[in-house]
Amino acid sequence: MDALTLFGLFAVTFMLVCYMLEDRAPVWTLLFAIGCLMGSAYGFLQGAWPFGAVELIWFAVALRRWSVLRARREPIA
């Protein structure tokens, strides 16, 4: 198993764990977004550009979801 495959395995496992924990706190949604970005990098580095592109879109969706969740939890001064 080469380093790129290990990176891909880590990225997908990290995404799965963060996805399972998303309901606990908004930080897990942010970490899920970072995992999607890692998955996208893996896809592009491996040469599977459709996978990389879809993961990049999921990164944007998760980042937007995190910003909405964070705005709801912040007290209004």
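Reader: What conventions apply here?

Author: The model is predicted, with local features needing pLDDT of at least 70 and side-chain atom pairs counting only at pLDDT 80 or more, while totals for chains, interfaces and linings use all residues. Residues are numbered from 1 along each chain as its sequence is written, and side-chain values use heavy atoms, leaving out hydrogens and water.

Reader: How many helices and strands does the protein chain have?

Author: Helices (H or I, at least four residues) and strands (E, at least two) are DSSP runs, numbered from the N terminus. The protein chain has three helices and zero strands, in the pattern α-α-α along the sequence. Its C-alpha atoms fill a box of roughly 50 × 20 × 15 Å along the principal axes.

Reader: Which residues form the largest nonpolar core?

Author: In soluble globular proteins, nonpolar side chains tend to be buried together. A nonpolar core is a set of buried (under 20% relative accessible area, 1.4 Å probe, protein chains only) Ala, Val, Leu, Ile, Met, Phe, Trp, Tyr and Cys residues joined through side-chain atoms within 4.5 Å. Here the largest one has seven residues: Met15, Cys18, Phe32, Ala33, Cys36, Phe59 and Ala62. Two or more residues each come from α1 (3–21), α2 (26–46) and α3 (49–73), and α2 gives the most, with three.

Reader: What is Cys18 in contact with?

Author: Contact means heavy atoms within 4.5 Å. Leaving aside neighbours within four places in sequence, Cys18 touches Trp28, Leu31 and Phe32.

Reader: What percentage of the residues count as buried?

Author: Of the 77 residues in the protein chain, 29% are buried.

Notes: Buried < 20%, exposed > 50% of the residue type's maximum accessible area, 1.4 Å probe, protein only.
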